[in-house]
Amino acid sequence: MNNQKSDMSRASIFSAIKNATPTVTMDAETIQQEALEILKESEFARPRLLSDDATEALVLRIEAGLVIGTSCEKISTLDDLPASVNQFLGKYSLPQELKVQGIGRLQKLNWQGISTDIDIQKDNTVGLCWAEYGIAETGSFVVHSSPEMPILLNFLPLYLIAVIPKSKILHYMDDYALIANEIAKKGETPRNMCLISGVSGTTDIEGVLVQGAHGPEVLHIILVEDQ
């Protein structure tokens, strides 16, 4: 009896599959042509940004809470950076110390007594880096590794501050892809090209969002007018 029921169930399943089989067939060439037409229509279909101005679009995206764990502000000159950093440290009740990327434009600033060369392997540290580019579409910033840019500076500190010059803020992700392609053509591709879009998060544990799972817990972006 059980075998008979099993055969009947199997027959019902195959019958349903057969009835669901499309009756209209399409050759491979037609499928390919339709796919190409769809691609042509969507090739330049970029999502609408929150503003036509790239800087404003990036700011609005962050302020709308669309970039996890990220805040931002604008400053007029790079000389204003130490004061902004001091405010950031005060906001989180942090000591007057951080690790500043070892490039001249940052190192020569008047840091007003703030220690700028701490060990980022300690707990609750703050890192500050100079971004190569910002991307309005995703609220991302781009960092290229170099002797002056250790990539771990972007991942070991609990708090990270990224400085982005206004002229280097791009509208879309594929704008950066074109730049990366040109860098590759010149044979100047860095070992690491990191695109960071907010802090990392996970909901692996009981579906609760935990920020900073694989890097900083707090990200602050400072946009600066070019000198």
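Lys-185 is exposed, with a relative accessible area of 61%, where exposed means over 50%, buried means under 20% and partly exposed lies in between, using a 1.4 Å probe and protein chains only. The structure is a predicted model, in which local features need pLDDT of at least 70 and side-chain atom pairs count only at pLDDT 80 or more, while totals for chains, interfaces and linings use all residues. Residues are numbered from 1 along each chain as its sequence is written, and side-chain values use heavy atoms, with hydrogens and water left out.

The side chain of Lys-185 meets that of Glu-182 in a salt bridge, at 3.5 Å from N to O; a salt bridge here is a side-chain nitrogen of Lys or Arg within 4 Å of a carboxyl oxygen of Asp or Glu. Because Glu-182 and Lys-185 are 3 residues apart in helix α6, about one helical turn separates them. Helices (H or I, at least four residues) and strands (E, at least two) are DSSP runs, numbered from the N terminus. Glu-182 is partly exposed, at 40% relative accessible area. Elsewhere, salt bridges with shared partners join Arg-46, Asp-174 and Asp-175 into one network.

## Salt bridges across the sequence

The structure holds 7 salt bridges. One of them pairs Asp-175 with Arg-46, the closest N and O atoms being 2.9 Å apart. Asp-175 counts as buried at 19% relative accessibility, whereas Arg-46 is partly exposed at 39%.

Another salt bridge joins the side chains of Glu-225 and Lys-166, at 3.5 Å from N to O. Glu-225 lies in the segment after β11 and Lys-166 in the loop between β6 (159-165) and β7 (169-170), so this pair ties together parts that are 59 residues apart in sequence. Glu-225 is partly exposed, at 37% relative accessible area, and Lys-166 is also partly exposed, at 34%.

Five strands form an open sheet with parallel pairing, in the order β1-β11-β6-β3-β2. Strands β1 (70-75) and β2 (99-100) stand at the edges, and each has a single partner strand, so one side of each is left without a neighbour in the sheet. Two strands count as paired if DSSP finds at least two bridges between them.

Strand β1 runs parallel to β11 (residues 218-224), to which 6 bridges join it; the bridge partner of Ser-71 in β11 is His-220. Helix α3 (residues 54-63) packs on the sheet and touches β1 and β11, its direction making about 145° with that of β1. Such angles run from 0 to 180 degrees between N-to-C directions, the axes being lines fitted to C-alpha atoms, for helices over the stretch in contact.

Ser-51 lies in the loop between α2 (28-42) and α3. A polar atom of the Ser-51 side chain lies 3.2 Å from the backbone nitrogen of Asp-53. Leaving aside neighbours within four places in sequence, Ser-51 is in contact (heavy atoms within 4.5 Å) with Glu-56, Ala-57 and Leu-60.

## Cysteines

A search of the whole structure finds 0 disulfides, a disulfide being a pair of cysteine sulfur atoms within 2.5 Å. For Cys-129, which is in no disulfide, the nearest cysteine sulfur is that of Cys-194, 9.9 Å away. Cys-129 counts as buried at 0% relative accessibility, and Cys-72 is buried with a relative accessible area of 18%.

How values were computed:
Polar contact = N/O pair within 3.5 Å; in protein donor to acceptor, adjacent residues only side chain to side chain.
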